[in-house]
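Have a look at the model first, then read on.

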Amino acid sequence: MEQAASNSGQKLEVTVGGDEGSPRLDRVLAVLRPELSRSRLKALILAGSVTARGAPIRDPAYHVGKGDTITIDVPEAVAPEPQGEDIALDIVFEDEDIIVIDKPKGLVVHPAAGHETGTLVNALIAHCGASLSGIGGVRRPGIVHRLDKDTTGLMVVAKNDRAHQSLTAQFADHGRTGPMQRGYRAFIWGVPNRARGTVDAPIDRHPFAREKMAVRDSGREAVTHWELQAAFNGPDGKPIASLLACQLETGRTHQIRVHLSHIGHPLLGDGVYGPHFKTKAGQLGPQGQAALAALNRQALHAYLLALEHPRTGELLHWEAALPKDLLLLKSCLEAAQ
């Protein structure tokens, strides 16, 4: 076993000697780098900060081999509490209790390994100051739900503890007994054989790729309702893609992406849950291919949010138009027909 000197903010290298016990990456690193906690190592792996054989390894259960050299990119230590940053927000609604934003693509919701700064939380701290709810903890002040980094659309944030408690209860109920609604526009591969449907399939962590979720019997209940909005043909006249409106009855990580992939209709641009559909891009026509390449993300937008105001009880409803990249994709899909 060989080790390089350990310092935060450096690249650490270790060579596997084969005497570490388990061949799993996370367990080998726990032996070779005992100064890094298991949770810290897992976070670094999932963030893509650990490389082996020349490529990032994002699966803690990845099997390493004797003689492999593993590099760990340990970022500089940061303050335990996120700091305010001057990041522009597209504010749809704001009062003394809540703030609703239209989140752009590429914006991470809260600080985590690999994304310690430049997040929505950093922007909110700068915008809201001391009023932001503290119930979510110092790493997630005001956050009651989240969108994936590259999913765009509507999010609500609590500005005080009372609002946080009310919104948390509404999201837990997810509109089953209350007025909460969360609607998404989803561009998918293929065309469903019916106008509407429901995916009722439990979701849990993927058994092998830990950064992914999957439909599994061991998972938590997950229900997604969908309705066909438009179908698109390719230049050859054959059905190639669709636009769905989806409503969530539960709020699991990656729920829509997992469920639509599960029924054979993954999102356009989703490299995690639909990589096997990548070759279908050639059937979109030149304009569609260019629009999809420019999108460089999953084609998912949270367009609808409805909830009960935590102070007044008033039913509030917002809709957000498709962002420019999805509008371009839609127009190219329509033009190809």
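## Charges, fold and a buried strand

The protein chain carries 37 positive and 38 negative side chains, and the centres of these two sets are 5 Å apart. Do keep in mind that this is a predicted model.

As for the overall fold, the chain holds seven helices and 16 strands. Its C-alpha trace spans about 60 × 55 × 40 Å along the principal axes. A compact globule of 337 residues would have a radius of gyration near 20 Å, and the 22 Å found for the protein chain agrees with that. Of the contacts with a separation of 6 or more, 66% link residues 24 or more positions apart. Buried residues account for 46% of the 337. The chain exposes about 15,800 Å², with carbon and sulfur atoms supplying 49% of that area.

Now let us zoom in on strand β7, residues 98–103. Six of its six residues are buried, so β7 is largely enclosed by the rest of the structure. In a regular strand, side chains alternate between the two faces of the sheet. Both faces of β7 are covered: Ile98, Val100 and Asp102 are buried on one side, and Ile99, Ile101 and Lys103 on the other.

Which strands pair with β7? The table shows the two pairings.

| Partner of β7 | Sense | Bridges |
|---|---|---|
| β6 (residues 91–94) | antiparallel | three bridges |
| β8 (residues 152–158) | antiparallel | six bridges |

β6 and β7 make a hairpin with three residues between them, and Glu94 has Ile99 in β7 as its bridge partner. Towards β8, Lys103 has Gly153 as its bridge partner.

How values were computed
Residues numbered from 1 in each chain as written. Predicted model: local features only at pLDDT ≥ 70, side-chain atom pairs only at ≥ 80, totals over all residues. Heavy atoms only, no water. Helix = DSSP H or I, 4+ residues; strand = E, 2+ residues; numbered from the N terminus. Rg over C-alpha atoms; globule rule 2.2 N^0.38 Å. Buried < 20%, exposed > 50% of the residue type's maximum accessible area, 1.4 Å probe, protein only. Contact = heavy atoms within 4.5 Å. Areas by Shrake-Rupley, 256 points an atom, 1.4 Å probe, with all protein chains shown as cover. Lys, Arg positive; Asp, Glu negative; His and termini not counted. Charge placed at Lys NZ, Arg CZ, Asp CG, Glu CD. Pairing = 2+ DSSP bridges.
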